[in-house]
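The sequence and structure are shown first.

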Amino acid sequence: MNFDYNEEQQLLAASIRRFVEKDYGFETRRRIVASGEGWSREVWAQLAQLGVLGLALPAEHGGFGGGAMDLIAVMEAFGDALLVEPFLSTVALGAQFVARGGTAARKSEILPGIAEGRLTMAFAHTERGARYDLAGIATRARRTEDGHALDGEKRVVLHAPCADVLVVSARTDGGDADASGVSLFLVDAAAPGVSMRRFRTLDGCIAADIAMRDVRVGRDALIGEEGAGLALIEEVVDFATSLLCAEAVGAIAYANAATLEYLKTRKQFGVPIGSFQALQHRMVDMMIAHEQAQSMASLACARVDRESDPVARKRMVSAAKVKIADACRLASQESVQLHGGMGMSEEMKVSHTFRRLTMIAQQFGDAEHHLERFAAVSEPRRN
């Protein structure tokens, strides 16, 4: 399988790198994180002008009809820059739910707004005690005369404070852990009955716990078939996980480059510490982890674009996430340790990269979870 960029992807990658270097440096990011909103509308508008927000959206709704493979270079650049804007929440999650399961009217309403940078989204799914179980949903949706009414709570909804529209998972039938009976709904983030408790995550992104009390939505708010939403959730979360893996590759690449530069310039006993063989071996391990992670991320992105078999897709994405989680842990911890105490200071970008890689290793399932899922979906060995 050829993972080399074609000419269009190379041009896009170059434009994104220029944007990151010019308009999203580390000090700029620090100011954005410290701002009241916690993200930049100006940066979001620039991403729309670059065409990045519409890259993975259908062409008939203002996008370019691309997939995860077309976003690899973008995500690697975002990983390097430690982007805090709601790209993954909006483009990789919210927009994908609408594009794959929304009504024609809601697609026409929402997707062009995302591509143009006028609208942001968040996926309100995780609940207390569910951990990584995508079927662990206690939020309820009861039928009304003109739609549904939602009641429940969601935890750690990334980018919810800046979202215009939420994709909310809720049960229309069944028990709290049943695979069937899960439905998806589009909810206005400012709708009556929706309340948020905002906070900041370890890596500087904004998130919120959401409570819903008798939140009314119309019939056109339903995404996909009522009671059969779990398969779509798994499909879209796998798509987002593959892009998260690509983001991790970019962050690991920065951590490696910064650490290598430090080893070349920091002196001890009159010589650069990079001349010490023990540190050279550790640096080599970091570089190998990056190469392996890059290969697995590319393979995962290719599979979510082309694989129609959900079992094969799950197996590949879980295999990639296991490798990525291990690489995140190695690169983040080694980069800080090889920098010494200053590697944890707020002024050093590598300390913020450490936090982002720590979060990526846990997001959408840690290595242990994906090892279990990989084993569960793998075909039994034949004698």
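In what follows, contact means heavy atoms within 4.5 Å. The model is predicted.

**Helix 9 and helix 11**

Under that criterion, Val-311, Lys-314, Arg-315, Val-317, Ser-318, Ala-319, Lys-321, Val-322, Ala-325 and Asp-326 of helix 9 meet Ala-367, His-370, Leu-371, Arg-373, Phe-374 and Val-377 of helix 11. By residue class, this contact between helix 9 and helix 11 comprises 9 nonpolar, 2 polar and 5 charged residues. Helix 9 spans residues 310–339 and helix 11 spans residues 367–377. Their axes lie 8 Å apart, and the packing angle is about 150 degrees. Angles over 145 degrees count as roughly antiparallel, and helix 9 and helix 11 are therefore roughly antiparallel to each other. The crossing of helix 9 past helix 11 is left-handed.

**Aromatic pairs**

Across the whole structure, a search finds 4 aromatic pairs. One of them is formed by Phe-78 and Phe-87, whose ring centres are 5.1 Å apart; the planes stand at 75 degrees, so the pair is edge-to-face. Phe-78 counts as buried, at 2% relative accessibility, and Phe-87 likewise counts as buried, at 2%.

In the pair of Phe-97 and Phe-123, the ring centres are 4.7 Å apart and the planes are at 45 degrees, so this pair is tilted. Phe-97 belongs to helix 5 (residues 87–101) and Phe-123 to strand 1 (residues 121–124), so the pair ties together parts that are 26 residues apart in sequence. Phe-97 is buried, with a relative accessible area of 0%; Phe-123 is also buried, with a value of 11%.

Val-156, by contrast, has its place in strand 3 (residues 147–158). Leu-82 is buried, with a relative accessible area of 2%, whereas Val-156 is partly exposed, with a relative accessible area of 45%.

Note on methods:
Residues numbered from 1 in each chain as written. Predicted model: local features only at pLDDT ≥ 70, side-chain atom pairs only at ≥ 80, totals over all residues. Heavy atoms only, no water. Axes fitted to C-alpha atoms, helices over the stretch in contact; angles between N-to-C directions. Helix = DSSP H or I, 4+ residues; strand = E, 2+ residues; numbered from the N terminus. Parallel < 35°, antiparallel > 145°, perpendicular 65-115°, else oblique. Left-handed = near helix turned anticlockwise from the far one by under 90°. Nonpolar A, V, L, I, M, F, W, Y, C, P; charged D, E, K, R; others polar. Phe/Tyr/Trp six-rings, centres within 6.5 Å; stacked < 30°, edge-to-face > 60°. Buried < 20%, exposed > 50% of the residue type's maximum accessible area, 1.4 Å probe, protein only.
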